[in-house]
Amino acid sequence: MKKIEKFVTQIQLNFVVFGDVFNPKDFTEHIGISPSNTWVKGDEITTYAKFRKGNEFPRRKESAWEFTVGFIETLDLDDLTLQFEKTFGNKKSVIRNFIQKNDLDSTVGIVVEIAEGNVPSLNVSKNIISVLGEIGSELDFDIYVFEDE
């Protein structure tokens, strides 16, 4: 298991709109919300540069627009999904139409880091399920457990 310095349970939510031929700036202008991160197909992935051997970096296989909430120290996923709903809830049809018109996909990724046995509630409310359904977005969970050695 991965060892971390500070042991806290925390959750992150990422909303990503992605596709093969896609200018993330167009999506930003269309919905009026600034992303946390964007990239275009062919960009170098330098995220873990200090761990790479050699001079070549892998390249992005698609373009993407990403909005991130967290990491937030919490034991309740609702703390993040409510913020997602407030940010994107009134833009559902605009987002869905842009995604469909441009042959894109979207996903909401939930990253859960569990520390010291503090397992959070991962309830997904009817409201957030409805929002995701109306946008046409998938939901993905990545769960990591950290133990003190």
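Biologist: Where is the place of Phe141?
Modeller: Phe141 sits in strand β5, residues 138-146. Strands are DSSP runs of E, at least two residues, and helices are runs of H or I, at least four, both numbered from the N terminus. This is a predicted model: local features need pLDDT of at least 70, side-chain atom pairs count only at pLDDT 80 or more, and totals for chains, interfaces and linings use all residues. Residues are numbered from 1 along each chain as its sequence is written, and side-chain values use heavy atoms, with hydrogens and water left out.

Biologist: Why does Phe141 count as partly exposed?
Modeller: Because its relative accessibility is 31%. Buried means under 20% relative accessible area, exposed over 50%, and partly exposed in between (1.4 Å probe, protein chains only).

Biologist: And how much of the protein is buried?
Modeller: Of its 149 residues, 37% count as buried.

Biologist: New topic. How many helices and strands are there?
Modeller: Four helices and five strands. From the N terminus, the order is β-α-β-β-α-α-β-α-β.

Biologist: At what angle do α3 and α4 pack?
Modeller: About 35°, with the axes 8 Å apart. Axes are lines fitted to C-alpha atoms, for helices over the stretch in contact, and angles run from 0 to 180 degrees between N-to-C directions. Helix α3 covers residues 92-101 and helix α4 residues 126-135.

Biologist: Which residues meet there?
Modeller: From α3, Lys92, Ile95, Arg96 and Ile99. From α4, Val131, Glu134 and Ile135.

Methods. Contact = heavy atoms within 4.5 Å.
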